[in-house]
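Please look through the sequence and the structure shown here before reading on. The report that follows goes through the strands, their pairing and a loop.

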Amino acid sequence: IYVSASFIEKTGEAVLKIVNSTDKEKEACIDLGAVVSGFEGKTLTGDHRDAHNSIDKPDRVVLNEIKGSSDTVNLSPYSFTVIRIK
């Protein structure tokens with residue numbers, strides 16, 4: 001798992017960018033702290049490392065909305081996830 005974290009002062013959001021480059025689902029723990037009630041974000045995922053959409057297979061790589069209220073995020077295989085925490 002690869003992670004990048006940043007803070008956007010203008011919006012007061014913490015942004016996590018997480019890559020799961022393996023062929024297995026992974027679980028990531030995020031300490032949201034007592035004042036944060038959850039997170040939201042998006043996950044881009046495909047069925048293998050070199051997956052791409054085409055006219056014949058337009059849904060090999062898909063974008064999904066995610067929301068959570070726990071400290072755990074499930075990361076799909078071969079996925080890129082962006083999480084925003086306010």
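## The hairpin of strands 1 and 2

In this predicted model, strand 1 and strand 2 form a hairpin with four residues between the strands, and within that hairpin Gly12 takes a positive phi near 75°. The two strands pair in the antiparallel sense over seven bridges, and one of the residues involved is Tyr2, whose bridge partner in strand 2 is Val19.

Strand 1 is also hardly covered, since the count of buried residues among its seven residues is zero.

The open sheet has five strands in the order 1-2-7-4-5, with antiparallel pairing. Strand 1 (2-8) and strand 5 (61-68) stand at the edges, and because each has a single partner strand, one side of each is left without a neighbour in the sheet. Direction ignored, neighbouring strands of this sheet are turned by 15° against each other on average.

Tyr78 lies in the loop between strand 6 (72-75) and strand 7, and although Tyr78 is not a glycine, it has a positive phi of about 50°.

Definitions and conventions:
Residues numbered from 1 in each chain as written. Predicted model: local features only at pLDDT ≥ 70, side-chain atom pairs only at ≥ 80, totals over all residues. Heavy atoms only, no water. Pairing = 2+ DSSP bridges. Axes fitted to C-alpha atoms, helices over the stretch in contact; angles between N-to-C directions. Buried < 20%, exposed > 50% of the residue type's maximum accessible area, 1.4 Å probe, protein only.
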